[in-house]
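Subject: Structure handover

Dear colleague,

Please find below the structure that I am passing on to you. My notes on it follow.

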Amino acid sequence: MFEASVTRYDSMKYNRTGRSGLKLPAISLGWWYNFGGLDLLENGRAIARYAFDHGVTHFDLANNYGPPPGSAEETFGRLLREDFAPYCDELIISTKAGYDMWAGPYGEWGSRKYLLASLDQSLKRMGLEYVDIFYSHRPDPDTPLEETMGALSSAVRQGKALYVGISNYQPEQTRQAARILRELGTPCLIHQPRYSMLDRWVEDGLLDTLEKEGIGSIVFSPLEQGQLTDRYLKGIPEGARATKTERVWLTPDDVKQNLPKIRKLNELAGQRGQSLAQMALAWVLRKPQVTSALVGASSVRQLETNLAALNNLAFTEEELQGIEDILKG
């Protein structure tokens, strides 16, 4: 049986999520990759253990994470039974529904039918009675927002989720969702948007909306699918994510286009005594509206390196301007 480190809370920074009572670690572990049925179980086990041993209390999942879909939740369920059962109340477990999960008209988007059925399936795969956070993974253009938010509120009332959140919602959609949930007595806890140095759409209204509504945020892809690391500094290595096509928002052309900026950013990170990945994580966490940054990890070493970003979260005005000049160049 896994015995967690007694010093596991000594080095992590915890941030309050919006105006709620819930705190999240500044860096959370995403299970989108590396924990599926095609991945080596013992590698995922080692990553999850290391994360928890260093204060990463939040594991972020979704119904379709794998591959195959559902298998990341199954992996978590096994690790919960075999490793983390004594520490269940020290963990924050989230899952989502919104993208395609099973065949037919009820297997994706935002209907009450899909969301609540998916949550039941997720709980069964993970061996849980409830999750801490249940998300609408994306807005549904054809389902009334009242129905989608009503399903989230029902999950809380049924005791199947403690909090609810939304992901990939635009600012106005976020305002409307927050209003509906507030009227239902189930406040929107958190928003999960994509945010990085190379994708800054949240700065155009969403962060201000979150602050006004008292909603926290946990940002995904802060390392931009590996671009904001040292992985592509010398080109595209064999087997890199940019060479694959399944569930990946990255192409060789993306890497080539961004490489000049990435190399300059890497030089600036070195001047700060950080790796590029560490600086990129610190950069998204500089925003007070950002509660946590989600990172994936294919190895313990990679996770260890990313967690070291917490050793230097401060930026001088000169450094921030230097980053702006590079990104706009």
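The notes below cover aromatic residues, a helix pair and one glutamate.

Please bear in mind that this is a predicted model.

Aromatic residues. The whole structure holds 13 aromatic pairs. One of them joins Phe 59 and Phe 76 in an edge-to-face arrangement, with 6.3 Å from centre to centre and 80° between the planes. Phe 59 belongs to strand β4 and Phe 76 to helix α2, so this pair ties together parts that are 17 residues apart in sequence. Phe 59 is buried, at 0% relative accessibility, and Phe 76 is buried at 1%. Another pair, Tyr 195 with Trp 283, is tilted, at 5.5 Å centre to centre and 40° between the planes. This pair links a loop between β8 and α6 to helix α8, 88 residues apart. Tyr 195 is buried at 0%, as is Trp 283 at 1%. Phe 59 and Phe 76 also belong to one aromatic cluster, whose members include Trp 31 and Tyr 87.

Charges over rings. Arg 138 lies over the face of Trp 109, 3.5 Å from the ring centre. Lys 113 is placed over the face of Tyr 106, at 5.7 Å from the ring centre.

Helix packing. Helices α2 and α3 pack with their axes 7 Å apart, at an angle of about 40°, and are therefore oblique to each other. Phe 76 is among the α2 residues at this contact, while α3 contributes Ser 122, Arg 125 and Met 126.

Glu 224. This residue sits in the loop between β9 and α7 and is buried, with a relative accessible area of 7%. Beyond its sequence neighbours within four places, Glu 224 contacts Arg 194, Ser 196, Leu 198 and Asp 199.

Yours sincerely

Definitions and conventions: Residues numbered from 1 in each chain as written. Predicted model: local features only at pLDDT ≥ 70, side-chain atom pairs only at ≥ 80, totals over all residues. Heavy atoms only, no water. Helix = DSSP H or I, 4+ residues; strand = E, 2+ residues; numbered from the N terminus. Buried < 20%, exposed > 50% of the residue type's maximum accessible area, 1.4 Å probe, protein only. Contact = heavy atoms within 4.5 Å. Axes fitted to C-alpha atoms, helices over the stretch in contact; angles between N-to-C directions. Parallel < 35°, antiparallel > 145°, perpendicular 65-115°, else oblique. Phe/Tyr/Trp six-rings, centres within 6.5 Å; stacked < 30°, edge-to-face > 60°. Lys NZ or Arg CZ within 6 Å of the ring centre and 35° of its normal.
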